[in-house]
Amino acid sequence: MAYMEGLLVVKFRNEEFLKQLEKRIFVLDGAMGTMLQKHGFTKGCPDELSIKNPELVKKIHKAYADAGSDLIITNTFGANRTKLKAYNLQDKVIEINKAAVKNIRKACPNCLVVGDVGPLGGFIEPLGKLTFNEAYGAYKEQIKALEEADLLIIETISDIRVLKAALIAAKELFEGPIISSMTIQDGRTTTGTDVETYVTIADALGADIIGVNCSDGPAGMYETAKLIVKNTNKPICFQPNAGIPKIVGKETVWDYPIDKFADYAEKFVKLGANIVGGCCGTNPDFIKAITDKVKKLKPIKRRIKEKTKLCSRTKTIAVEGKTMIVGERINPTNKKDLQEEIKKGKTGIIRREALEQLKEGATFLDINVGVPGVDETGSLKMAIDTVQNIVDVPLVIDTADINALEAALQQSDGKPLINSVNGSEKSLKSVLPLAKKYGAAIVALALDEKGIPKTKEKRVEIAKKIIAEAEKIGIKKEDVIVDCLTLTIATNPENEKIILGAVKEINSLGYKTILGISNISHGLPNRKEINAKFLKKASDIGLNLAILNPLDNIIVSDTEIRFLEEEVKIKKEDYSRLPIEKQLHNAVLYGDKENIVGIINNALKKMKALHVNDLLIKALEEVGRKFKCKEYFLPQVLLSAAAMKNAFARLKKEIKKEGGKVKGRILFATVKDDIHDIGKNIVVALLESHNYEVIDLGSDVPTKTIINTTIKKKPDIVCLSALMTTTVREMENVIKELRLNNIKIPVLVGGAVVTDDYARSIKAGYGKDALDAVKKVNGLVQ
């Protein structure tokens, strides 16, 4: 009799059953199909017998219970909509599954009921015709009908994405323990997934028990079992076939020795199994032999060290050892050819970039396909399909579009890394649940609603907040990788120290870290050299992942990074004895914000304020030209803009006294969720110097704030800025709201990711750069 004979069987809660698995070995039943054939059933739908011939099904269940099974599996292996459709029984999913549970309750009152969920009879696209949501929907319907079962087993699955759909549906609907069981032969599923990858994905998706069934008999499964126990701390379940069947005449014959089968059951337990049973070809005699072998055995205690792992369909990579490279080249920012390709729905460049980055040493590939005016959901799915079909490395999904993110997670074959979640409530509430649902790891971006912290301490604090929120919903510590945010040393030489200090502290807490390397040199010359030196320093203190361009062939040297003034500043000449016009010009050209006001004071003794302003504008235009031809870099531009700001603050009153009229009022904002404002600030400085009144709302400005301020201040033009592919669409939302509020003033848009085509599509003007923006504003106002 079953181990639980004489006990009142109640529905186990997950925790209660898992605790029992630590104390004793449970025995599953054997094959249902083999027994049905033995009783003469060879044609028709076997699942339908649960309602058409329940007495036969109950008889088989009872035979297994009498042989010693503690866990009896429902006769619902194919009782999902897609498989039942072949028998025109798709409308009986609920009836068949509910009846199957009741049959076991009646036949085996002392056993636990295990709801059986099998394959769908087809693969998910592109391997098959099913969409992910169709597979998920079919499983959801069946699992809901099995809700009265004590446990659930998802078994004989050969495709990892089908398993994903089933496990996600199960975790949403089923309250009891869930067993995940794939079929693996010679170390892989038929669709190429290896043992470690299967276990890693099943674990991440929340399977309570991980195992294999069917496959290639006890001996072959034992080799698979040895790999499984090395890769999970979860309880384990093994259900081998009774060897390999033989066709004798018109009959299928299973002749595997029962005693040898039972010996393997004992080996499985001694290896670490918590549950053992049988699959195809087994019968109650096999289960009795297993019970006799394992009933006095106790589960062994296993404990492996958890690792941070990412997976493709066919490969798992642990984030450990030396710094690994995340290839960043599949990103359309400032890449017109890739933007055009994405717009046309083509993938040639994406394919080439994936292969070239892999060749040059990338361990993982970041995928970002955000192009203004293009459906990112469709583009991201297309890109992921393309990449994972030609390379076998895990992917990093780079998007802030929550719908595109979920679609990408569904499309991903493996366990991807989400780039990223930040400390804002909006991000935490939207991204973390998706990461948990789809079993993905996350990049924890150390910023929040207030933007990028200026100090190491605040970045670490935000990282800890994200980690705590992730762990609250069951995301493992190992699945959080912290990005301490690389900012350019062009604007602040201390940025390097802040970044590296944060990385070191996060690593000391036991978490993995990631950085975008090339950001450190933004706006500077000699970028490759600076990037290489920064990478070396970061690697030396334990940086785990580096986002960079593998084709740059960065050679990490032992030379320390230095913020070299000769690399980022124009050498100042002594121009104090030059004509005053030249002094004004050079003060802007060299970004001499400390002395420019004094020079202006001297100039005002000799010329009108309006003339002084004209000279300053010409100098700032020269700065723009130097930047465009890469003679100047970001640090020089910022210094010149700062000098210009001081200059105009001094000239405002003088210009007004001379009758200089304000040309117009401009409202300027960087759109919501975009924290970048350097470009905006340069344009604002130029506009002010051209005698415009600028209402600067700053960065990350909610649409409602832009609308309300526009109504209140009545500007002549609204200027919008965005630097990120993930935020540029907010421009369209702002324009729609302006028009809904009957505000018909012109809108000018700009930023690194904005194009003329996109601007036209949302009925806005386009400022290619700061000088062009001023030119466009002049044209619109006059």
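A residue counts as buried when its relative accessible area is under 20%, and Gln 357, at 0%, is therefore buried. The model described here is a predicted one.

**Gln 357**
- Gln 357 belongs to helix H14, which covers residues 348-359.
- A polar atom of the Gln 357 side chain lies 3.0 Å from the backbone nitrogen of Glu 328.
- Leaving aside neighbours within four places in sequence, Gln 357 is in contact with Gly 327, Glu 328, Arg 329 and Ile 330, and also with Ala 362, Leu 365, Pro 550 and Leu 551.

**Helix H11**
- Helix H11 has 14 residues, 258-271, and reaches 20 Å from its first C-alpha to its last, which is close to the 20 Å expected at 1.5 Å a residue.
- The buried residues of H11 include Phe 261, Tyr 264, Phe 268 and Leu 271, and the buried residues of this helix pack against helices H10 (217-228) and H12 (284-294) as well as strands S7 (236-240) and S10 (275-276).
- Just after H11, Gly 272 takes a positive phi of about 140 degrees.

**Second largest pocket**
- The second largest pocket has a volume of about 1100 Å³, and its lining is made up of 42 residues, with Ala 31, Met 32, Gly 33, Thr 34 and Gln 37 lying nearest the centre.
- Helices H2 (33-38) and H4 (54-67) and strands S4 (151-157), S6 (209-214) and S9 (251-253) each supply at least two lining residues, and the largest share, six residues, comes from H2.
- By class, the lining of this pocket has 17 nonpolar, 17 polar and eight charged residues.

Technical notes:
Residues numbered from 1 in each chain as written. Predicted model: local features only at pLDDT ≥ 70, side-chain atom pairs only at ≥ 80, totals over all residues. Heavy atoms only, no water. Helix = DSSP H or I, 4+ residues; strand = E, 2+ residues; numbered from the N terminus. Expected span 1.5 Å × (residues − 1). Buried < 20%, exposed > 50% of the residue type's maximum accessible area, 1.4 Å probe, protein only. Contact = heavy atoms within 4.5 Å. 1 Å grid on protein atoms, 1.4 Å probe; cavity = no way out; pocket = protein on both sides within 12 Å on 5 of 7 lines; lining within 4 Å. Points joined across faces, edges and corners; volume = space filled by probe spheres on them. Nonpolar A, V, L, I, M, F, W, Y, C, P; charged D, E, K, R; others polar. Polar contact = N/O pair within 3.5 Å; in protein donor to acceptor, adjacent residues only side chain to side chain.
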